[in-house]
Amino acid sequence: MDNLHIVNLASYNRPKISEDKKRDWVNYGDDNNYYQYLIDLYTNSTTNHSIINGVVNMMYGKGLDALNNNQKPNEYASMRSIISDNCLRKVCLDLKLLGEGSFQVLYKDKQVVKAEHFPRQTLRAEKCNEDGDIEGYYYSADWSKVKPNDKPKRIAAFGFGNGTESEIKICKKYVSGYDYYCPVDYQGALAYAELESEIADYLINDVQNNFSGTKVVNFNNGVPDANQQLQIKNDVMRKLTGARGEKVVIAFNNNAESKTTVDDIPLNDAPAHYEYLSNECSKKLIVGHRITSPLLLGIRAENNGLGSNADEIKTASLLFDNITIKPYQDLLTECIDDILAVNGISLKLYFRTLQPLSFIETDNAITNEAREEETGVKASLTSQCDLSTEFDDNEMFELLSQYGEEEDLENWELVDEREVDYEQEEALDKMIGLVSTGTATPNSKSKQDKEVRGVKFKVRYRYSPNKTSSNSRKFCIDMVKANKLYRKEDIIAMGSKPVNKGWGPSGSSDTYSIWLYKGGGSCHHKWLRQTFRDKTSGNIANIDPNISTNKARKEGFNPVNEKEVSMKPKDMPNQGFINR
């Protein structure tokens, strides 16, 4: 059987991470160029390319923002100057495509002045120190061209610089056993991305070869020795194998009787075979990337149409956002928090959501603008109140102007901020003594304004988020425009006045609970509870810092209140509409 040779297809191997005693950095991949392999699969595999782009777009959404940007405008402006939108988009792509993203952090006078995107594929990790920390990274524009005597540039890792030199901050998740490099989350599907790429090349080559089938090359002029057989086999394989094999075989023969013969082996049912492989690759890539529904990324699977799959998209979108998108966004915001902390900046960062569809029943839409927004034409619903209803007079604004107070917080410090959860309202008050036997301040404007052991507190509520759109209802526009802080008494009192005409039960009433239902049915706003401390009063150290509902319950306090307060009307049953 010496004249029989079996050719195996190249098998997929996971990246090899190896330390070389002669090198200060750690290799990634057999050729230290594994990142380029991932990039090639991104550019050559249709499904892989589409999925990665879709996930990255949803990760970035409409950009980075902060929940408390109004309370900390200077810090917010500083954050915007440090991290640009273009930089963040690139880091998002690297994080998904390569498994890690990287910032180059620039300093001046030991303060961060800029955090710029740094191409992750150009960096290799330095060997860990005795504590297991990576103190630096080595840079090369093309690691495939690094020679043994070359010395790539070393850049300090974040937190290991001297406060003036640039540093590299890596954004990655923790994977057990991978200290230096994090594998991509679609690692198990890479073989199918490679297969899809090869299928595409093979089909193109098949067309160029006039759909000629697989060939068997027979050499009929005797059996050479083993070394000659191996040499001939290698020569033929170099010419014929792979997706881009050559079209022509040139043979030299002593005579016609000993000529080389080339026999075709046709592939039966070739179209069905290619279709099966292509579909299998797509399915495995969708699973590998944790895509809950291909329709979310604009991929139409088999006979599924968009019109008949609204429920599937609605459920899949919520699941996909929670299990795939948010974990990435959390990694990025935590990484950025670390960078901003150098400058003492503390913001509640989040990514503005990019939804493929808003899942509001179009049959109940009030205006044409709402229908457009439901199909994704308008801006994100996360920060808007849709279903605009305008009034010709200023009665609503005049009524609203009677409530709330202008911000005068020069001597007040924000010590707690959270979305209103009605089950915790009284419990929170109890924990800091706002409904205890504490002595009220002389200029008290609310029952929640108290002095506790020499420290003055007040609780106010803000209409949140502080954003509207061109088709927002007038009530929401006026509330955001006023930008006031409200006592709970103010909000309760609004429910007895026609501050938002036509949004009462069944549309026949002009009054309803603003405390519970905010701007009315399908509203996207919530109340934000803010607790302030008078900086000129006593020492806050005298107050129990553990503002805990659970602790209050242990002390016998078990509040049970309306669940609607903690919900946006759009998330309530029937989207907050009553008997509509």
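**Ring pairs, helix packing and buried residues**

Q: How many aromatic pairs does the structure hold?
A: Bear in mind that this is a predicted model. Rings of Phe, Tyr and Trp pair if their centres lie within 6.5 Å. Go by that cut-off and the structure holds 12 aromatic pairs.

Q: Is the pair of Tyr35 and Tyr181 stacked or edge-to-face?
A: The two rings sit 6.3 Å apart, centre to centre, with 80° between the planes. Planes over 60 degrees apart count as edge-to-face. So the pair of Tyr35 and Tyr181, at 80°, is edge-to-face.

Q: How many residues apart are Tyr35 and Tyr181, which link distant parts of the chain?
A: Tyr35 belongs to helix 1, while Tyr181 is in the loop between strand 9 (167–171) and helix 5 (190–208). Both Tyr35 and Tyr181 are buried.

Q: Which residues do ring pairs link into a cluster?
A: Tyr35 and Tyr181 form an edge-to-face pair, and both belong to a cluster built from ring pairs. The members are Tyr28, Tyr34, Tyr35, Tyr37 and Tyr181.

Q: What is the angle between the planes of Tyr463 and Trp527?
A: Tyr463 comes from strand 15 (residues 455–464) and Trp527 from strand 16 (residues 526–534), 64 residues apart. Their ring centres are 5.3 Å apart, and the pair is edge-to-face. The angle between the planes is 70°.

Q: Is Trp527 buried or exposed?
A: Buried means under 20% relative accessible area. Trp527 comes in at 1%, so Trp527 counts as buried.

Q: Is helix 1 roughly parallel or roughly perpendicular to helix 2?
A: Helix 1 (residues 34–44) packs against helix 2 with the axes 5 Å apart and an angle of about 100°. Angles of 65 to 115 degrees count as roughly perpendicular. That makes helix 1, relative to helix 2, roughly perpendicular.

Q: How many charged residues are in the contact of helix 1 with helix 2?
A: Leu41, Tyr42, Thr43 and Asn44 of helix 1 meet Thr46, Asn48, His49, Ile52 and Asn53 of helix 2. By class, three residues in this contact are nonpolar and six are polar. As for charged residues, there are no such residues: the count is no charged residues.

Q: Which side chain makes a polar contact with the side chain of Tyr60?
A: Tyr60 lies in helix 2 (residues 46–60) and is buried, with a relative accessible area of 8%. Beyond its sequence neighbours up to four places away, Tyr60 touches Asp85, Leu88, Arg89, Cys92, Phe351 and Arg352. At 3.5 Å, the polar contact is with the side chain of Asp85.

Q: What is the C-alpha to C-alpha distance between Tyr60 and Leu354?
A: In sequence, Tyr60 and Leu354 are 294 residues apart. In space, C-alpha to C-alpha, the distance is 8.0 Å.

Q: Is Lys488 buried or exposed?
A: Lys488 sits in helix 13 (residues 488–494). Leaving out residues up to four places away in sequence, Lys488 touches Tyr422, Glu425, Gln448, Tyr461 and Trp515. The cut-off for buried is under 20%, so at 17% relative accessibility Lys488 counts as buried.

Q: Which residue with a positive phi follows helix 12?
A: Helix 12 (residues 474–482) has Lys474, Phe475, Cys476, Asp478, Met479 and Val480 as its buried residues. After helix 12 comes a residue with phi near 50°, namely Asn483.

Definitions and conventions. Residues numbered from 1 in each chain as written. Heavy atoms only, no water. Helix = DSSP H or I, 4+ residues; strand = E, 2+ residues; numbered from the N terminus. Buried < 20%, exposed > 50% of the residue type's maximum accessible area, 1.4 Å probe, protein only. Contact = heavy atoms within 4.5 Å. Polar contact = N/O pair within 3.5 Å; in protein donor to acceptor, adjacent residues only side chain to side chain. Axes fitted to C-alpha atoms, helices over the stretch in contact; angles between N-to-C directions. Parallel < 35°, antiparallel > 145°, perpendicular 65-115°, else oblique. Nonpolar A, V, L, I, M, F, W, Y, C, P; charged D, E, K, R; others polar. Phe/Tyr/Trp six-rings, centres within 6.5 Å; stacked < 30°, edge-to-face > 60°.
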